[in-house]
Amino acid sequence: MRPNKYYLAAFSAFFIWGFFSLALKPLHNYPSLDILFYRVFFSVVLMVIINVIFRRNIMVQNWNHFKSMTAKQKQSVITLTLGGGVFLSSNWFVFIYVMNHVSVKAASLAYMICPILTTILAFLILKEKLSKWQWVAVLISAFSCILLSLNHFKDIFYSLITAATYAMYLVSQRKNSELDKLLVLTIQLVFTAIILLPFYPNYSGDLPTELLFYACLLVIVVFFTIIPLFLNLYALKGINSSEVGIMIYINPIIGFLLAIFYYDENVSSLQLFSYFLIIISIVVFNEKLIFSRKSKSIPAEIEGLK
């Protein structure tokens with residue numbers, strides 16, 4: 001199978017997430033925990049309905065496959081799936097807080113740092129190999145993130161937490177390949193909802209009554225949760241977590257552009273230069289994919305002349 005569709009899935013996921021602030025910012029007057037509660041609960045309801053009504057046969061097949069596994073395989077699947085749910089919910093809460101109470105740039109910086117952490121963790125934990133050019137790209141990325149963090153220590157603190165939680169999610173789900181990805185996502189969301197449910201009565205605010213809240217939440221659940229998460233998990237079936245991780249840069253670049261042109265946040269020339277370095281690092285990291293077609297086309301043309 002050609003890897004192109006997996007790259008396209010990863011690209012699409014992070015392209016969509018780049019516009020997340022458009023749906024999230026209108027809810028800045030609501031507590032971050034409330035947004036997290038309703039995002040998770042509504043996502044669970046929708047995902048359960050989809051699986052029960054439209055994917056019942058797939059659920060049965062996966063259950064039979066799970067029962068046929070060895071005890072060690074079952075333990076691995078359960079740990080990776082539920083652990084992924086913990087990482088995902090932690091990432092959501094921190095990201096929502098940073099986006100609405102720190103700055104859009106700080107949220108974008110988190111996903112600048114995330115590819116670096118993902119690449120390093122994939123190298124250490126999954127033993128994923130990187131070429132020398134990919135290591136050069138990681139160094140360029142690290143340097144650009146250092147530039148972005150200058151005089152923004154509060155931003156870098158929250159960004160590191162956000163980045164670490166999502167990097168761990170990506171690396172863990174790369175190994176979690178035994179079950180259907182949409183079903184895995186459903187289980188993770190249900191598990192997250194179970195974790196959050198006891199906190200809801202004491203830590204949630206009044207039940208929202210504004211139509212804007214539910215309209216934005218519906219957009220968040222469908223377009224900024226279920227669709228990109230599924231695309232993300234699907235991409236991990238065919239390409240390494242480090243390769244998916246580097247695609248994360250698409251998200252903050254779009255977020256950075258929105259911060260400048262839509263939210264009118266102040267941006268320095270140093271930050272512009274740093275983002276330019278990020279774009280270079282993406283090209284360098286994916287040079288094999290970008291230039292492989294050109295190198296393959298030459299032998300084909302020579303073959304045709306014979």
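**Conventions.** Ala, Val, Leu, Ile, Met, Phe, Trp, Tyr, Cys and Pro are classed as nonpolar, Asp, Glu, Lys and Arg as charged, and the others, Gly among them, as polar. The model is predicted: local features need pLDDT of at least 70, side-chain atom pairs count only at pLDDT 80 or more, and totals for chains, interfaces and linings use all residues. Residues are numbered from 1 along each chain as its sequence is written, and side-chain values use heavy atoms, with hydrogens and water left out.

View 1. A pocket is an open set of points on a 1 Å grid over the protein atoms alone, where a 1.4 Å probe fits, with protein on both sides within 12 Å along at least five of seven lines. Lining residues have an atom within 4 Å of a point. A volume is the space filled by probe spheres set on the points, and grid points are joined across faces, edges and corners. The second largest pocket holds about 190 Å³. Its lining consists of Met-59, Asn-62, Trp-63, Phe-66, Val-77, Ile-78, Thr-81, Leu-82, Leu-179, Leu-183 and Ile-187. Two or more of these residues come from each of α4 (56-67), α5 and α9 (181-196). Helices are DSSP runs (H or I, at least four residues), numbered from the N terminus together with strands (E, at least two). Nine lining residues are nonpolar, two are polar and none is charged.

**View 2. The largest cavity.** A cavity is a set of grid points where the 1.4 Å probe fits but cannot get out. The model has three cavities of 30 Å³ or more. The top contributor is α5, with four. By class, the lining holds ten nonpolar residues, two polar and one charged.

**View 3. Trp-17 against Tyr-166.** Rings of Phe, Tyr and Trp (its six-membered ring) pair if their centres lie within 6.5 Å; planes under 30 degrees apart are stacked, over 60 edge-to-face, the rest tilted. There are 24 aromatic pairs by this rule. In one of them, the ring centres of Trp-17 and Tyr-166 are 6.0 Å apart and the planes meet at 85°, so the pair is edge-to-face. It links distant parts of the chain: Trp-17 sits in helix α1 and Tyr-166 in helix α8 (residues 153-175), 149 residues apart. Both Trp-17 and Tyr-166 are buried. Buried means under 20% relative accessible area, exposed over 50%, and partly exposed in between (1.4 Å probe, protein chains only).

**View 4. Charges over rings.** A charge sits over a ring if NZ of Lys or CZ of Arg is within 6 Å of the ring centre and within 35 degrees of the ring normal. Arg-39 lies over the face of Trp-92, 3.9 Å from the ring centre. Lys-74 lies over the face of Phe-66, 5.7 Å from the ring centre. Phe-66 also lines the second largest pocket.

**View 5. Two cysteines.** A disulfide is a pair of cysteine sulfur atoms within 2.5 Å. The whole structure has zero disulfides. Cys-114 is buried at 0% relative accessibility. Cys-216 is buried too, at 10%.

View 6. Leu-36 belongs to helix α3 (residues 32-54). Its relative accessibility is 2%, so Leu-36 is buried. The C-alpha atoms of Leu-36 and Ser-89 are 8.2 Å apart, across 53 residues of chain.

View 7. Ala-110 lies in helix α6 and is buried at 0% relative accessibility. Between Ala-110 and Val-138 the C-alpha distance is 15 Å, with a sequence separation of 28 residues. Ile-116 is also in α6 and is buried at 11%. The C-alpha atoms of Ile-116 and Phe-276 are 16 Å apart, 160 residues away along the chain. Lys-127 is in the loop between α6 (104-125) and α7 (132-149). Lys-127 is not a glycine, yet has a positive phi of about 60°. At 63% relative accessibility, Lys-127 is exposed.
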